Amino acid sequence: ITENMRSLRNFFLYKCLFALTFWNYISLSMANELFKSVSNDFLEDGSDKKIKSLPLLYTNSHQSKANFDWVVIQNTTESLSLSEITNDNVKKLVALLSNFRQGSRLQNLTLTNMSVDWNALTEVFQTVWHSSIEYFNISSLTQLSDIKSCDFDYSGTSMKALTIKKVLITDLYFSQDDLYKIFADMNIAALTIAESEMIHMLCPLSNSPFKYLNFSKNDLTDLLFQNCDKLIQLETLILQKNKFESLSKVSFMTSRMKLLKYLDMSNNLLSHIAADVQCRWAESLTELDLSSNQLTDSVFECLPVNIKKLNLQNNQITSVAKGMAELKSLEELNLASNRLADLPGCSGFMSLEFLNTEMNLILTPSADFFQSCPRVKELQARHNPFKCSCELQDFIRLARQSGGKLAGWPAAYVCEYPEDLRGTQLKDFHLTELACNTMLLLVTALLLTLVLVAVVAFLCIYLDVPWYVQMTWQWTQTKRRAWHNHPEEQETVLQFHAFISYSERDSLWVKNELIPNLEKGEGCVQLCQHERNFIPGKSIVENIINCIEKSYKSIFVLSPNFVQSEWCHYELYFAHHKLFSENSNSLILILLEPIPPHIVPARYHKLKALMAKRTYLEWPKERSKRALFWANLRAAISMNLPMADGQWCGETD
């Protein structure tokens, strides 16, 4: 033990002496570990004037109490940090702190991980209050049971600031006033109680010296400090991350704080309903943080008239009303992360120098912003979904001439719309004079209209639109003649199972494969083929119409040759016409060869539509699959037709 104490004394160099005495039961190895722990945390950067994270040491042995005392040289310690304070060793802490009477150099005390009852805590406070300590910090305090009223002597203190964070109260049955009274009446300049689920705080009984109050990350509500006129010296009030809801009640809370300059109400649930609700703020208030709340456009009807810095970031503001009360002193305004569709004007902010409108919904900022806001030194409008259009051209021109007033230009300003320009920097976006000159655009549009009419006329001719009209007329006339000549027939008599439409270049497959397999296979199938069933003397169109009318189905043999045939196109048109006019399902598509999309003429839009919407049979190259192909095709055209006496399947006149 003597060797270790000599090493420790050499390590501290001078001015610090710790006398540690252990029971005979403590082994030498335990003593070594203890001294290592103390020596590692005792000094920082070789200084003998600061003790950092020094644990409040105690030992358990076979005896009922610790067998050593603290020895501290008063005039060498300015900051002291102790941890693991419990009811078992709090008396030793009080005895230690009693050595630091007023006049001592100890000014800063930090206690971490305290778990004590109410009497022990108030005893620590009382001891600190009459010591040389000016700044007292407590982190992770567990307040055990027995909270009750106590008489606290605040007189003759050196204390300036108390900070308490992460308080857990285990006592469920106690008077709230007994807990909060000791803090409300403290005669110090700064008080912080944070992250402690605090639900209320009392108004001081007399005029309070508080200049700084921080009650962030608690559960405080609109009831806080209502009608409280004792905080007459308060300058800074931080209430972020609580449960405040009414902006007007917050304003009334501040109305009697005559020296209040800074108020932080960020990350609450604040909203403001403008219906006949008056707001009354402290006239001295110059900086207000209302970010991350639920405020809308009506917030501008409830703001301090002398405000200089206003933070409304991350709310639900869509615009700044022009008829709102003037904020003549406002110099900085943060409207980032809202729902603004345009830059606000400065009619109500004549002194505005800094404006932040980042991450809003601004598509085309007003080009006259810098003219209406002549005092603005910096505008932040980054990360908006800019729509690169003519309206944006003027703003871009002004941005280039702003002399650095547009923060982040040009890297942070990119097009979001239209989609083909997404990611393009605004500085690289250009439109021609024609695109943005209305008169020139109208004249050009008129000329283009004339050209368009000419093009449409050309396309009508090129796409055989007159022919389509003529074919439709012939179809109608044929139907009318049939009705006039045979009025007693209500329905067309079917003579064929299917009409075959194919290109002459695919005729070998039709004659060698299609017709033999259908007409000479199982069942009686009669096919209509133009070479053997068209009636001489009639026009081709009339023959096509008659054959389609007298056939149960229409089979189209599709291939690259098919789309190059004009007559195949006509046959497809009339079959398609029948499909819609009679609401029938009469089309059968056979894909003989794949048809590359690029070779299909534009006028074959009906074929494209049919192939996209209807199922077709594909001619298999493998012979093993052809039996199934023919079975499916026979099933599609299967129907009983009246037969003439003496004819067999496939027989023609």
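How far is the sulfur of Cys547 from the closest cysteine sulfur, and in which residue does that sulfur lie?

Analyst: The closest cysteine sulfur to that of Cys547 belongs to Cys528, at 3.1 Å, which is too far for a bond. A disulfide is here a pair of cysteine sulfur atoms within 2.5 Å. Cys547 is buried, at 5% relative accessible area, and Cys528 is buried as well, at 0%. On this scale, buried means under 20% relative accessible area, exposed means over 50%, and partly exposed lies in between (1.4 Å probe, protein chains only).

The model is predicted, so local features need pLDDT of at least 70 and side-chain atom pairs count only at pLDDT 80 or more, whereas totals for chains, interfaces and linings use all residues. Residues are numbered from 1 along each chain as its sequence is written, and side-chain values use heavy atoms, with hydrogens and water left out. The pLDDT, the predictor's confidence in each residue from 0 to 100, has a mean of 79 over the protein, with 79% of residues at 70 or more. Over residues 1–75 the pLDDT is below 50, and this stretch has 92 contacts in the model beyond near neighbours in sequence; contact means heavy atoms within 4.5 Å. Residues 645–653 likewise stay under 50 in pLDDT, with 11 contacts beyond four places in sequence.

The whole structure holds four disulfides, among them the link of Cys203 to Cys228, with an S to S distance of 2.0 Å. This link is right-handed, with 75° about the S-S bond. Cys203 sits in the loop between β5 (190–194) and β6 (212–214) and Cys228 in the loop between β6 and β7 (236–238), so the pair ties together parts that are 25 residues apart in sequence. Helices (H or I, at least four residues) and strands (E, at least two) are DSSP runs, numbered from the N terminus. Cys203 is partly exposed, at 29% relative accessible area, whereas Cys228 is buried, at 2%.

Another disulfide joins Cys279 to Cys302, with an S to S distance of 1.8 Å. The torsion about its S-S bond is -105°, and the link is left-handed. It connects distant parts of the chain, 23 residues apart: Cys279 in the loop between β8 and β9 (287–289), and Cys302 in the loop between β9 and β10 (309–311). Cys279 is partly exposed, at 22% relative accessibility, while Cys302 is buried, at 0%.

Cys346 and Cys373 also form a disulfide, their sulfur atoms 1.8 Å apart. The torsion about this S-S bond is about 100°, so the disulfide is right-handed. Cys346 lies in the loop between β11 (332–334) and β12 (354–356) and Cys373 in the loop between α7 (369–372) and β13 (378–380), so that distant parts of the chain, 27 residues apart, are linked. Both partners are buried: Cys346 has a relative accessible area of 4% and Cys373 one of 2%. Cys528, by contrast, is in no disulfide, the nearest cysteine sulfur being that of Cys547 at 3.1 Å.

Met257, at 0% relative accessibility, is buried and lies in the loop between α6 (247–254) and β8 (262–264). Leaving aside residues up to four places away in sequence, Met257 touches Phe225, Leu231, Leu234, Leu237, Ala282 and Ser284.
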